[in-house]
Amino acid sequence: MSCVTVEPGGAVIKLNLDNTIMRFHAIWLRDNACDSETRDPISGQRLIALREIPSETLISHAQVEANGLRVTFEPENKVICYDFDWLIENNYDKGKNLRTGWISTDQETWDSGLDLLPSCDFNLLMEKSTSTLNWMADLRKYGFSKIAKGPVEEGALFKIIDLFGYVRETNYGKHFEVRTEVNPSNLAYTGLALQAHTDNPYRDPVPTIQLLYCLESSAAGGENMLVDGFKAVMRLRDENEGYFDLLSKYSARFEYKNNKDVHLKSRRPIIELSSDGELLAIRFNNRSMSTVNDVPFNEMSEWYAAYRRLSEIIDEPDMEITFRLNPGESFIVDNTRVLHARKGYSGTGKRWLQGCYADKDGLNSAFHSLKKSLAEETHNEA
Ligand code: FE2
């Protein structure tokens, strides 16, 4: 049974939906009215500014109907109906006792025990079908995914980015080549093994997606390795909450410059949290770490201990998954979460990857749009 009461004064209503009690403020309900005078029916964009809603807005009447709640606002004498499903989805009258460093329910952390690497064949991906949607869901969930059986041709990486967004061009170009060079200007172009890292922490904002596409792989070694940065910082938090707090509380500094016209700098923490404690991003790249001078003197020693411990956790073998990329194979990572690395490889033979950056907002948008259109197709066929 459902019922609603208007609290004295009309600033709050209390809705009881099958014994779940939710309170809503009059101003919140009025601001979120879904009528065509308040929101554009097509885009959902709000058509009025808050200043156009009277500050003295109150609820004079509320009543439960078949599938929703009918509310009358004063002094506008405006009547708005709200779906129960929408009210449940947006209910904010609940205790949030989430531990600092929480992640979205869409995400799942992993380590070397991850049984099956998320993957999709290139041709299936291009169909923009359920396989594409599942691949996007996995990428959002695990922060990475492989793409197999793609064409062995230059520029094929752009076809994958085209599925969900746009290339993020940088001073390295629209894309970059990763192969051995005689005079490397960046360590990524040599045959040395690299520690797991996130790319370009010296940018603000960082590129949130990276794609690496293999075109040639005849050299021994050079396997790709990934580490879930969220898993690593959660392990740090479980071991030593003080270490976690230090790395999220104080900014580190990152920097990259060449000898010509590029000098990038950022000032951000290694562990970035939202104001309510959600784990947003990690930045970890020993090559690009600059001089850290934002940690107070009496905490610098402990900050270094925390940084060292996180580095050790990232290097632990049980944190990593390793795979070899063959020509036509590629992988994509959420560069705010998953660290990548390359094992060392021999100088005989060749290894050639093309890489590029893109952004997660495009991926999330494409995921939600494709999910909706596939659901509508299914509905129309039924
Ligand atoms: Fe990298």
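What follows is a chat about a predicted model of a protein chain and its iron site.

Biologist: Hi! What does the protein chain contain in terms of helices and strands?

Modeller: Hi! Keep in mind that this is a predicted model. The protein chain has 9 helices and 19 strands. Its C-alpha atoms fill a box of roughly 80 × 60 × 45 Å along the principal axes.

Biologist: And how many residues are in the chain, and what share is buried?

Modeller: The protein chain has 382 residues, and buried ones make up 47% of them.

Biologist: Which domains does the assignment give?

Modeller: Domain 1 covers 3-89, and domain 2 covers 119-369. Their C-alpha centres lie 44 Å apart.

Biologist: Now to the metal. Which residues coordinate the iron ion?

Modeller: The donors are H197 through NE2, D199 through OD and H340 through NE2. The distances run from 2.1 to 2.2 Å.

Biologist: How are those donor residues spaced in sequence?

Modeller: The spacing reads H-x1-D-x140-H. H197 and H340 are 143 residues apart, so the pair links distant parts of the chain.

Biologist: Where does each of those two histidines sit?

Modeller: H197 is in the loop between β9 (176-178) and β10 (209-217). H340 belongs to strand β18, residues 338-342.

Biologist: Are H197 and H340 buried or exposed?

Modeller: Both H197 and H340 are buried.

Biologist: Switching topic: how many disulfides turn up?

Modeller: A search of the whole structure finds 0 disulfides.

Biologist: Are C120 and C356 buried or exposed?

Modeller: C120 counts as buried, with 6% relative accessibility. C356 is buried as well, at 0%.

Biologist: Good to know. What is the volume of the second largest pocket?

Modeller: The second largest pocket holds about 300 Å³ of space. Its lining has 17 residues, and the closest to the centre are Q107, R140, D334, K360 and N364.

Biologist: Which elements each supply at least two residues of that lining?

Modeller: Those are α4 (130-142), β15 (279-282) and α9 (360-381). The biggest share comes from α9, which gives 4 residues, the most to the lining.

Biologist: How do the lining residues divide into nonpolar, polar and charged?

Modeller: There are 5 nonpolar, 6 polar and 6 charged residues in the lining of the second largest pocket.

Biologist: Let's go to the backbone. Which peptide bonds are cis?

Modeller: Among them is the bond from E74 to P75, with omega near 10 degrees. The bond from D204 to P205 is also cis, with omega near 5 degrees. These stand out because most peptide bonds are trans.

Biologist: Where do the two prolines lie?

Modeller: P75 is in the loop between β5 (68-74) and β6 (78-83). P205 is in the loop between β9 and β10, and that loop also holds the iron donor H197.

Biologist: What about phi, where is a positive value found in a residue other than glycine?

Modeller: N19 is one of these, with phi near 70 degrees. N77 has phi near 55 degrees. In general, most residues other than glycine have a negative phi.

Biologist: Which loops hold N19 and N77?

Modeller: N19 sits in the loop between β2 (12-17) and β3 (20-25). N77 is in the loop between β5 and β6, which is also where P75 lies.

Biologist: Are N19 and N77 buried or exposed?

Modeller: N19 is exposed, with a relative accessible area of 70%. N77 counts as exposed too, at 53%.

Methods:
Residues numbered from 1 in each chain as written. Predicted model: local features only at pLDDT ≥ 70, side-chain atom pairs only at ≥ 80, totals over all residues. Heavy atoms only, no water. Disulfide = S-S within 2.5 Å. Buried < 20%, exposed > 50% of the residue type's maximum accessible area, 1.4 Å probe, protein only. Donors = N, O, S within 2.8 Å, 3.2 Å for Na, K, Ca; no water. Domains from an automatic or database assignment. 1 Å grid on protein atoms, 1.4 Å probe; cavity = no way out; pocket = protein on both sides within 12 Å on 5 of 7 lines; lining within 4 Å. Points joined across faces, edges and corners; volume = space filled by probe spheres on them. Nonpolar A, V, L, I, M, F, W, Y, C, P; charged D, E, K, R; others polar.
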